[in-house]
Number of protein chains: 4
Amino acid sequence: MITIPIVPARVTTALQVALVQIDDYGPWTVTPEPRRETDLQALQASLFADFATFVGRHDGYAFYGRFDNMVAVVNDLDPAVFARFQRQVRNRYPVTVSVGVGLAETPVEALGEASDRLQAAGSAQDGTRREILAAGTEASIETGPVTVGHFDVVDVTGSLTDRENAVDATLAIRRATLELATYLRAEHDSLAHFVGGDNIIAICPDLTPAAFDDAIEHVRAETGIELQVGIGRGPTAHDAGAAAKEALEQCRATGARIRESEQLPADD
Amino acid sequence: MITIPIVPARVTTALQVALVQIDDYGPWTVTPEPRRETDLQALQASLFADFATFVGRHDGYAFYGRFDNMVAVVNDLDPAVFARFQRQVRNRYPVTVSVGVGLAETPVEALGEASDRLQAAGSAQDGTRREILAAGTEASIETGPVTVGHFDVVDVTGSLTDRENAVDATLAIRRATLELATYLRAEHDSLAHFVGGDNIIAICPDLTPAAFDDAIEHVRAETGIELQVGIGRGPTAHDAGAAAKEALEQCRATGARIRESEQLPADD
Amino acid sequence: MITIPIVPARVTTALQVALVQIDDYGPWTVTPEPRRETDLQALQASLFADFATFVGRHDGYAFYGRFDNMVAVVNDLDPAVFARFQRQVRNRYPVTVSVGVGLAETPVEALGEASDRLQAAGSAQDGTRREILAAGTEASIETGPVTVGHFDVVDVTGSLTDRENAVDATLAIRRATLELATYLRAEHDSLAHFVGGDNIIAICPDLTPAAFDDAIEHVRAETGIELQVGIGRGPTAHDAGAAAKEALEQCRATGARIRESEQLPADD
Amino acid sequence: MITIPIVPARVTTALQVALVQIDDYGPWTVTPEPRRETDLQALQASLFADFATFVGRHDGYAFYGRFDNMVAVVNDLDPAVFARFQRQVRNRYPVTVSVGVGLAETPVEALGEASDRLQAAGSAQDGTRREILAAGTEASIETGPVTVGHFDVVDVTGSLTDRENAVDATLAIRRATLELATYLRAEHDSLAHFVGGDNIIAICPDLTPAAFDDAIEHVRAETGIELQVGIGRGPTAHDAGAAAKEALEQCRATGARIRESEQLPADD
């Protein structure tokens with residue numbers, strides 16, 4: 001008798017990504033008449049500060065996205081906990097938020113799922129869609145690990161900040177960011193986002209250093225901007241990102257363009 | 001008898017632009033070890049919220065720039081008043097800020113001046129450069145008026161938000177922003193900045209509607225994204241911007257791609 | 001043979017209370033010279049807002065205390081988690097905080113323990129005492145339940161807000177708060193704190209409604225102010241407090257002076 | 001013929017005080033059901049932080065009052081400017097505020113006037129009363145100067161913070177505050193408010209040092225707490241208060257119980 005061993009399907013690890021959308025925000029900003037621009041800027045920034053604090057509490061990473069659409073990588077978080085963030089917003093802001101959560105093998109797929117779920121619940125400008133929390137039932141899928149690439153511009157102070165007009169320095173960094181994000185999205189289903197200064201953070205599936213090298217080369221070819229990158233891996237975005245920051249420090253110290261963290265940094 | 005008519009020198013109007021830079025921020029973010037990313041995001045966003053509030057108090061417009069380099073258009077403000085913002089930051093944040101102020105005929109020249117003044121006072125990462133307030137002595141130059149173009153994407157909900165993956169929608173808007181900003185900087189010495197959602201605000205010298213039309217056409221040709229724009233003029237960025245918002249509302253209501261405000265909106 | 005049954009010692013339930021102290025705050029407020037009062041007010045209020053958010057995330061209750069000494073009832077929280085709050089403060093404020101945690105049968109004993117632990121680690125104005133986290137090793141003591149009394153003034157709008165000068169209304173409520181807090185501290189080892197409007201919240205051991213009635217009577221006799229109280233019980237301050245709020249709503253609806261919640265409210 | 005000499009009325013100097021009230025706040029906090037207490041604490045504290053920043057911008061002093069009723073001394077401010085604060089709140093919070101402004105010879109009279117004006121516009125819990133700005137027409141009355149007494153507890157660290165349980169230290173300071181505030185209100189029509197730590201600030205008409213001495217003596221007799229006070233005078237609360245702080249520093253340095261500032265401190 002021949003027995004066929006049942007090989008348990010390899011558990012597919014996955015990333016969990018959340019998309020937070022201000023409900024009916026566009027209409028609100030112009031009702032009853034256009035609201036003062038600096039007030040809107042302050043509202044959005046303050047809401048994002050609270051969001052980053054909430055996400056950081058759960059060892060995730062938060063990106064401001066388009067401010068009315070914020071994104072978080074939250075591997076370690078029960079999606080139901082977002083109800084707490086929704087309550088917090090409702091009790092502190094003049095707006096409410098809906099949240100979609102996706103879980104998939106790549107960051108872009110996961111965000112796509114989150115995005116689909118929100119869209120299925122109604123248009124972003126549907127005045128009656130309020131405080132949706134749309135998550136899946138993939139509880140059996142295990143999350144992690146995530147790979148984070150933390151990029152910055154080689155010698156940014158010497159090459160840009162202290163040399164260029166602030167306008168041109170900003171445009172140069174914006175272009176480098178956009179080319180990097182577009183490339184990583186197309187080639188590796190990854191999310192990349194500007195996070196301040198000359199820093200860009202990419203959330204990736206399990207990419208090799210060579211893949212990061214190609215990305216850096218692509219940006220140099222398209223824009224003339226030279227990036228360096230620290231690579232980290234871990235069960236959560238914070239773990240992976242902290243390792244990536246350590247690795248980037250080594251790039252700065254040694255002149256290496258790519259450095260991969262070999263161990264997790266001590267917890268903070 | 002020959003009379004020589006005294007032609008009054010045409011008063012050159014000018015824009016006043018401020019560049020606010022966190023002192024020695026890069027080193028601080030990694031000392032003694034890299035700080036938690038979500039804390040940095042929260043810090044930057046909170047600082048910008050306060051900056052927008054401060055600038056709005058003086059009828060200016062604030063842009064987050066690169067977060068460690070924020071920008072404001074502040075026609076109506078004595079540069080010395082920035083010392084109050086510096087004090088406020090020192091007393092509420094773990095960082096300090098330096099401020100450069102420029103006054104020139106175009107936004108890019110003014111920001112260039114602000115930038116030059118800061119650079120003259122020391123490198124952004126010079127640990128001993130703290131709380132510089134570098135303004136000029138052009139007190140006799142009168143400011144204003146400023147022209148604001150407030151752009152957004154035609155039918156963004158139908159064309160992007162509810163149709164595209166949030167990743168691609170964001171990349172599309174980022175590309176439109178970058179092409180617009182690069183074009184306006186090159187052609188008209190103007191500053192354009194993403195301000196949330198699908199909104200882009202440009203601070204310009206006295207441009208005609210035709211020049212805005214060319215800019216929209218340029219973005220469409222480069223990216224396929226169709227923008228519309230409300231144009232406003234006024235002595236301060238807020239005045240001009242509020243008029244631009246009103247005009248943009250008319251674009252939305254009528255389907256016009258460009259609308260210029262004919263009168264100032266009521267004060268708020 | 002007579003066997004003496006070994007009665008397991010009744011598990012003593014306990015409350016966990018944290019005392020958060022800004023390190024070396026007094027000297028900081030006047031160095032190098034006295035800082036602007038409204039900046040200090042804004043700093044303290046902003047820090048407390050963050051503290052309340054942090055504590056609420058863990059279903060505790062937060063009180064502003066003296067602002068430089070804030071208090072929280074945090075039954076359900078591993079004291080080590082306060083390291084996250086300390087990190088958040090360090091990365092966002094110009095000050096740091098130390099935390100003492102106590103666990104005891106009554107709120108006052110628990111806060112006393114927290115207070116003792118901080119004092120053992122150094123004076124509040126010892127410039128070298130920074131970011132202490134002083135908790136005990138009582139891990140085996142189970143926490144909860146807690147009893148919360150949520151008081152307010154009967155018909156405050158009619159009796160005070162709309163009738164008295166704002167000065168006198170505030171003084172009256174302050175006096176009622178102080179008499180209540182002093183009485184509950186002396187008689188029942190309880191903490192009572194003003195929380196805004198005409199609301200006072202008391203954290204208590206397992207008190208009977210009759211004990212609350214005596215407290216109300218004491219305040220009436222001393223101040224002429226008539227209070228009503230909703231009483232709730234639960235494993236955390238939030239659970240107990242939410243039940244107390246429901247009960248207070250019933251006081252308002254029915255005219256009862258004391259109402260005890262019979263069930264836990266639905267979770268939010 | 002008898003002529004009656006027209007004696008010009010001596011210009012009465014006056015203080016301007018504002019009372020800011022959250023509209024319909026009580027009902028909002030329990031609609032549709034009681035809101036989470038820590039969210040309310042965070043909301044109130046955040047609103048007060050913004051209020052303190054706004055008031056500080058105009059060289060006033062802000063007090064949290066009862067949080068839903070905040071108070072400011074704003075000699076140098078056109079009452080119409082409060083419309084900006086109202087707009088800022090409307091655009092950033094889930095609540096709105098009404099403002100009453102009074103101008104009178106003493107702080108209590110001024111606040112009474114502010115209070116009366118708000119009450120005349122409707123009850124604090126009238127759901128339809130929204131964003132009232134009730135100021136007078138006393139434009140011809142000149143404001144200032146104001147006298148500020150900045151009190152604290154003599155050797156608070158040694159006598160209270162490091163010695164007493166935090167509960168008892170806080171109760172002691174609260175009692176000292178209440179006795180001081182009640183005395184100054186009754187004897188000198190002054191406002192006194194706890195501002196954090198062991199600091200109490202009194203806004204007064206033109207009182208002599210002897211009057212402050214009597215107040216300190218009264219508190220000692222009633223509570224056993226020994227206060228010291230710095231006294232400052234100036235056209236705005238900030239000017240007077242900064243001078244008072246300087247004077248209080250001299251108390252701390254010299255052991256004097258009362259010190260009056262002789263000159264204005266340098267502006268910050």
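View 1. Buried residues (under 20% relative accessible area, as against exposed at over 50% and partly exposed in between, with a 1.4 Å probe and protein chains only) make up 63% of the 268 residues in chain A. The chain has eight helices and ten strands, which are DSSP runs numbered from the N terminus (helices H or I with at least four residues, strands E with at least two). The radius of gyration of chain A, taken over C-alpha atoms, is 20 Å, close to the 18 Å given for 268 residues by the globule rule (2.2 Å times the number of residues to the power 0.38), so chain A is as compact as a globular protein of that length.

**View 2. The axis relating chains A and B.** The same surface serves both copies, since 100% of the contact residues of chain A (contact means heavy atoms within 4.5 Å) recur in chain B. Of the residues of chain A, A:Ala45 comes closest to the rotation axis, its C-alpha lying at 2.5 Å.

**View 3. Helix α7 of chain D and its buried face.** The buried residues of α7(D) are D:Ala211, D:Phe212, D:Ala215, D:Ile216 and D:Val219. Seen down the helix axis, these buried residues fall within an arc of 140 degrees (taken from the directions from the axis to the C-beta atoms), so they line one face of the helix. An α-helix has 3.6 residues a turn, so residues three or four places apart point the same way. What covers the buried residues of α7(D) includes α6 (166-188) and the strands β6 (146-153), β8 (199-204), β9 (227-234) and β10 (258-260) of chain D. The helix is followed by D:Gly224, whose phi is positive, near 80 degrees.

**Notes to all views.** Residues are numbered from 1 along each chain as its sequence is written, and chains are lettered from A and ligands numbered from 1 in the order in which they are written. In this predicted model local features need pLDDT of at least 70, side-chain atom pairs count only at pLDDT 80 or more, and totals for chains, interfaces and linings use all residues, while side-chain values use heavy atoms, with hydrogens and water left out.

Technical notes
Least-squares fit on C-alpha atoms with pLDDT ≥ 70 in both.
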